[in-house]
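Please have the sequence and the structure open while reading.

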Amino acid sequence: MGKFFVTTPIYYINDKPHIGHAYATIAADVLARYRRQQGDSVLFTTGTDENSQKTVQAAEALGQPLDQYTNAMAQQWQKTWNDLGISYTKFIRTTDADHHKAVLNFIKRVDVAGDVYKDNYEGLYCVGHESFMREDELVDGKCPDHNKAPEKVKEENYFFRLSKYQDKLLSHIEAHPEFIQPETRRNEVVAFIKRGLQDFSISRSKKHWGIGWPGDKDQVVYVWFDALVNYLTASGFPDDGYKEWWPADLHVVGKDITKFHCIYWPAMLMSANIELPARIFGHGFFTVDGQKISKSLGNAVDPRELVGIYGIDALRYYLLREIPFGADGEFTRERFETIYNTDLANELGNLVQRVAVMVTKYFGGQVGEVPPHSHDVKAYKDAMDVYRFDKALEEVWYLVKGLNQYIEEEKPWALAKTDTEQLAYVLRQAVSDLDQISMLLLPFLPTTAGKISATFADGKVHPEVGILFPKTDTIEKTEFKVK
Ligand SMILES: [Zn+2]
């Protein structure tokens, strides 16, 4: 038995959650559930990044006081994860008092290491990114991701000596090839570091919103420097007990924020003399109907709406089976429905139903003694160890398809007339296989796995559990609302 500490990014609250946020959070949830199933204690954290200029702008646009806005949004994010059945164990808000304490302590450590100095800064700042940008990153003078001209900023700020950690970072990455995953992300990060690291500003002038800089009334902590520390706060830092959980075993992040997580964050930890996380995984993005998800395009699918129609497990299955974790993928309604009908309703749902109906018909619903699980799961475990959720599910589906085939070949309906001993053997084998399938599905499709177990609980069939995945033509359909 070990411990497993997994984190999602903390999300900006200038908008509500969309399916892209759900993707990262669901992936972390699968790992949390998997490790619990293995007997590990799990700390699984998610939360909201609130000390951002974007929060201020969003509140102003609605004419709401800042605290009213942040409380309402943090609640909405937390409720979304609850509605999606995410099994997080701690929800962090960067406006929480314990987080402020952690940030101030962290700055003290970095300062003691001699890595903080004051300097003048002049540059271009994109509020959308909450980051300074180089001229050569702009297109027609605008940030290409946010389609907005960055602000010209000239202020006196505190700086962090990132440049000092360039070589140390490179040797850490070299010595720990598993540190940054997948490999494409690691290569990008290494190339970025080799171009040369520059110190970066870790405070902003007081006119911005944020955690006050210790001992300087005119500055607040730069939002990323504050946000990254959330992972330490979650483990209880700076109180002594934090090492029970720290270092984090895995940070799940989007590929757009790998620079912050794979360069800034490890360097900050080195400076503060704190152990580095074991792994950082930068997942890919997916498009909706061929287009990037964006607020301005209005194609941000609300995950709660999908879940309201098809159930949580259908969404989880689609995202994890269709898109190899780490690569880019696509979401389309047609593909979602196809997969729902073929894989979930037909291959899995019907299978469970068929076995339950036959046990009821031929044995009065009494399952009898079920043989132990008989399928080798090494390939599944290997896939889980490297976060290839698509491969792990593919392995489960070999069993699902194999059992469908077994039933077709054995023809229990014919055996019922000729060989009841063989009939009992076949059906008990089928129930054993379904039990093994439900165990393997548990991290991915927790509701479904629970229903499969409940259908055959205590040696008899429970028809009251009902059908697993009703066909989409029987689901009362509402249009996918695009917001
Ligand atoms: Zn931008």
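With 12 C-beta neighbours inside 10 Å, lysine 411 counts as exposed, where exposed stands for 12 or fewer other C-beta atoms within 10 Å of the residue's own, buried for 20 or more and partly exposed for values in between, with C-beta atoms placed from the backbone. The structure is a predicted model, in which local features need pLDDT of at least 70 and side-chain atom pairs count only at pLDDT 80 or more, while totals for chains, interfaces and linings use all residues. Residues are numbered from 1 along each chain as its sequence is written.

**Backbone geometry**

Lysine 411 lies in the loop between H14 and helix H15 (412–418), helices (H or I, at least four residues) and strands (E, at least two) being DSSP runs numbered from the N terminus. Its phi is near 45°, a positive value in a residue other than glycine. Tyrosine 387, placed in the loop between helix H13 (378–385) and H14, also has a positive phi, of about 60°, although it is not a glycine. Tyrosine 387 is buried, with 22 other C-beta atoms within 10 Å. Most residues other than glycine have a negative phi, and most peptide bonds are trans.

| Cis peptide bond | Omega |
|---|---|
| phenylalanine 237 and proline 238 | about 5° |
| tryptophan 246 and proline 247 | about 5° |

Proline 238 lies in the loop between helix H8 (230–235) and strand S11 (250–254), and proline 247 is likewise found in the loop between H8 and S11.

**Helix H11**

Ten of the eleven residues of helix H11 (residues 312–322) are buried, so this helix is largely enclosed by the rest of the structure. Among the buried residues are Asp313, Arg316 and Arg321, together with Tyr317 and Tyr318. The buried residues of H11 pack against helix H1 (19–37), helix H10 (303–310), helix H12 (333–363), helix H14 (389–410) and helix H17 (446–455).

**Domains**

The domain assignment gives domain 1 (3–284) and domain 2 (333–474), with bounds that come from an automatic or database domain assignment. The centres of the two domains, taken over C-alpha atoms, are separated by 42 Å. Seven residues from domain 1 and seven residues from domain 2 take part in the contact between them, two residues being in contact if their C-beta atoms, placed from the backbone, lie within 7 Å. On the side of domain 1 that touches domain 2, H1 gives the most, with five residues.
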